[in-house]
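Biologist: I am new to reading protein models. Could you take me through some features, one at a time?

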Amino acid sequence: MKDKSACEYILREITGIYDLKVMNVKTQYSIRNLNTHSVTLDVLAEDSKSKIYNIEVQKPNNDYHPKRIRYYQSNIDISYLEKGVKYENLPDIYLIYITAFDIFKLNDNYYSIKRTVNGYDKEVPNGIHEIYLNTAVKTDRPITPLMEYFKNTDMNISHFGALSDRIKQIKH
C-alpha cells in the first residue's frame, strides 16, 4: 500500500470513484493521544480533492470492529480539523475495513453503511463513508475477484493493474 499507484487502484475498485487520484499515502500512521487510546492506521491516503481514505485490514475476529472504526474515524477527524476552522471544512472520509471473515454474517462480501434519517429515505450528509469488505464470502459482485486476489496474491495474475505490478515486484 506504500505504492501510490497500487493504493490508487485498490481505492478506485473499492469506492467506484474511477477518477480518484491519490496524492499522499502513509502506512502504519500513528495518531498519538496524551490522555486517551492512541491508534495506528494501516493506510491513510488523501486524494486530489482532499478526501481522506483509511484502509484497515484485519485477520483475527477478536474485537468489536464497528466501534473500532468509529474510534479511528474520530481520531482522524480530530487530526484534520485545526482550531478555529468550521466543521463544514472537515474532509469527506472513506473508512474501508477489509477482513478475513464476514463481519455482519449476512453472507456478503461488500457492505456500504449509510446514515439515514429514521422513517425517511434521506441520507445524512456528514461526509462519512463506511465500506466493509471480506475475503470469506464469494459473491457475483464485481469486487469479488479483487477480494480473492487479496486472499491469494498470486504473482502470475496480472489483471489487477498497478496492484499486480507491485505484487510481482515485491515477490521477486
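**Charged pairs and ring pairs**

Modeller: Start with a salt bridge: Arg68 and Asp63 join their side chains in one, at 3.0 Å from N to O. Keep in mind that this is a predicted model.

Biologist: What is the general idea behind such a pair?

Modeller: Side chains of opposite charge can pair when their charged atoms come close. The count here comes to seven salt bridges.

Biologist: Are Arg68 and Asp63 buried, partly exposed or exposed?

Modeller: Arg68 has a relative accessible area of 22%, so this residue is partly exposed. Asp63 is partly exposed as well, at 38%. The cut-off for buried is under 20%.

Biologist: Which residue forms a salt bridge with Arg141?

Modeller: Asp108 does, with the closest N and O atoms 2.9 Å apart. This pair links distant parts of the chain. Arg141 sits in the loop between β6 and α3, and Asp108 in the loop between β4 and β5, 33 residues apart. Asp108 is buried, with a relative accessible area of 16%. Arg141 counts as partly exposed because its relative accessibility is 32%.

Biologist: Which residues are linked in a network of salt bridges?

Modeller: Glu8, Arg12 and Lys21 are.

Biologist: Now the rings. How do I describe a pair of them?

Modeller: A pair of aromatic rings is described by the distance of the centres and the angle of the planes. A search of the whole structure gives five aromatic pairs. One of them is Phe104 with Tyr132, an edge-to-face pair with 5.1 Å centre to centre and 80° between the planes. Phe104 lies in the loop between β4 and β5, and Tyr132 in strand β6, so the pair ties together parts 28 residues apart in sequence. Tyr132 is buried, at 2% relative accessible area. Phe104 counts as partly exposed, at 30%.

Biologist: Why is the pair of Tyr149 and Phe160 called stacked?

Modeller: Their planes are at 20°, with the ring centres 4.5 Å apart, so the pair is stacked. Tyr149 is in helix α3, while Phe160 is in the loop between α3 and α4, 11 residues apart. Tyr149 counts as buried at 2% relative accessibility, and Phe160 counts as buried at 6%.

Biologist: Which residues of helix α3 are buried?

Modeller: In α3, residues 144-152, the buried ones are Thr144, Leu146, Met147, Glu148 and Tyr149.

Biologist: What covers them?

Modeller: The cover includes α1, β4, β6 and α4. After α3 comes Thr153, whose phi is positive, near 35°.

Definitions and conventions. Residues are numbered from 1 along each chain as its sequence is written. This is a predicted model: local features need pLDDT of at least 70, side-chain atom pairs count only at pLDDT 80 or more; totals for chains, interfaces and linings use all residues. Side-chain values use heavy atoms; hydrogens and water are left out. Buried means under 20% relative accessible area, exposed over 50%, partly exposed in between (1.4 Å probe, protein chains only). Helices (H or I, at least four residues) and strands (E, at least two) are DSSP runs, numbered from the N terminus. Contact means heavy atoms within 4.5 Å. Rings of Phe, Tyr and Trp (its six-membered ring) pair if their centres lie within 6.5 Å; planes under 30 degrees apart count as stacked, over 60 as edge-to-face and the rest as tilted. A salt bridge is a side-chain nitrogen of Lys or Arg within 4 Å of a carboxyl oxygen of Asp or Glu.
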